[in-house]
Amino acid sequence: MHPKILVLNGPNLNLLGTREPTIYGRTTLVDIEEACRRRASALELEVEFRQSNHEGELVGWIQQARGTYQAMIVNAGAYTHSSIAILDALAAADLPVIEVHLSNIFRREAFRHHSYVSTIARGMVCGFGGFGYELALEAAAQLLRLAAEAKSPGTT
Ligand code: DQA
């Protein structure tokens, strides 16, 4: 069985393709999901891809992730900068988290420079548009490979 990765998307990311295209481009969330599925299959990973505009729904999904998924890729949208509830849920889930943003949040307004998710994430990819999700999947695959190798050296 392939390792399972939960890819979570926060508010307004359902609008990708038409939302502020000069910042986020013309790629839709469906395009990103399809690219993730292709990349995941090449990496022998399984992906579950979700989006919600509701903080509580995202918290619920994160709570349920423990025991089912081996890693999470999280673009929490604006909740990145505001949600201690999402941070606490990610900490409780006790899974490797890779943070993703389409835009380079450090080139934007000062309020986007702080990320609660970053305080728990293993790493962050930002500024490469939808391609960042594929880079995050590569990172997840590598993290899981290294973890498996550390558990049973010499068998992989
Ligand atoms: C975003 C960056 C956030 O600051 C913003 O609120 C978003 C999208 C990104 O992917 O670049 O909704 O997470």
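Here, Ala, Val, Leu, Ile, Met, Phe, Trp, Tyr, Cys and Pro count as nonpolar, Asp, Glu, Lys and Arg as charged, and the others, Gly among them, as polar. The lining of the largest cavity then divides into six nonpolar, three polar and no charged residues. This is a predicted model, where local features need pLDDT of at least 70, side-chain atom pairs count only at pLDDT 80 or more, and totals for chains, interfaces and linings use all residues. Residues are numbered from 1 along each chain as its sequence is written, and side-chain values use heavy atoms, with hydrogens and water left out.

| Element | Residues |
|---|---|
| helix 3 | 55–65 |
| helix 4 | 84–93 |
| strand 1 | 4–9 |
| strand 2 | 46–51 |
| strand 3 | 71–75 |

The axes of helix 3 and helix 4 (lines fitted to C-alpha atoms over the stretch in contact, with angles from 0 to 180 degrees between N-to-C directions) come within 9 Å and cross at roughly 5 degrees. That makes the two helices roughly parallel (angles under 35 degrees). Glu55, Leu58, Val59 and Ile62 of helix 3 make the contact with Ala85, Ile86, Ala89, Leu90 and Ala93 of helix 4 (heavy atoms within 4.5 Å). By class, that's eight nonpolar, no polar and one charged residues.

Within helix 3, Leu58, Val59, Gly60, Trp61, Ile62 and Ala65 are buried (under 20% relative accessible area, 1.4 Å probe, protein chains only). Those buried residues pack against strand 1, strand 2, strand 3 and helix 4. After helix 3 comes Gly67, with a positive phi near 90 degrees.

Key
Helix = DSSP H or I, 4+ residues; strand = E, 2+ residues; numbered from the N terminus. Parallel < 35°, antiparallel > 145°, perpendicular 65-115°, else oblique. Buried < 20%, exposed > 50% of the residue type's maximum accessible area, 1.4 Å probe, protein only.
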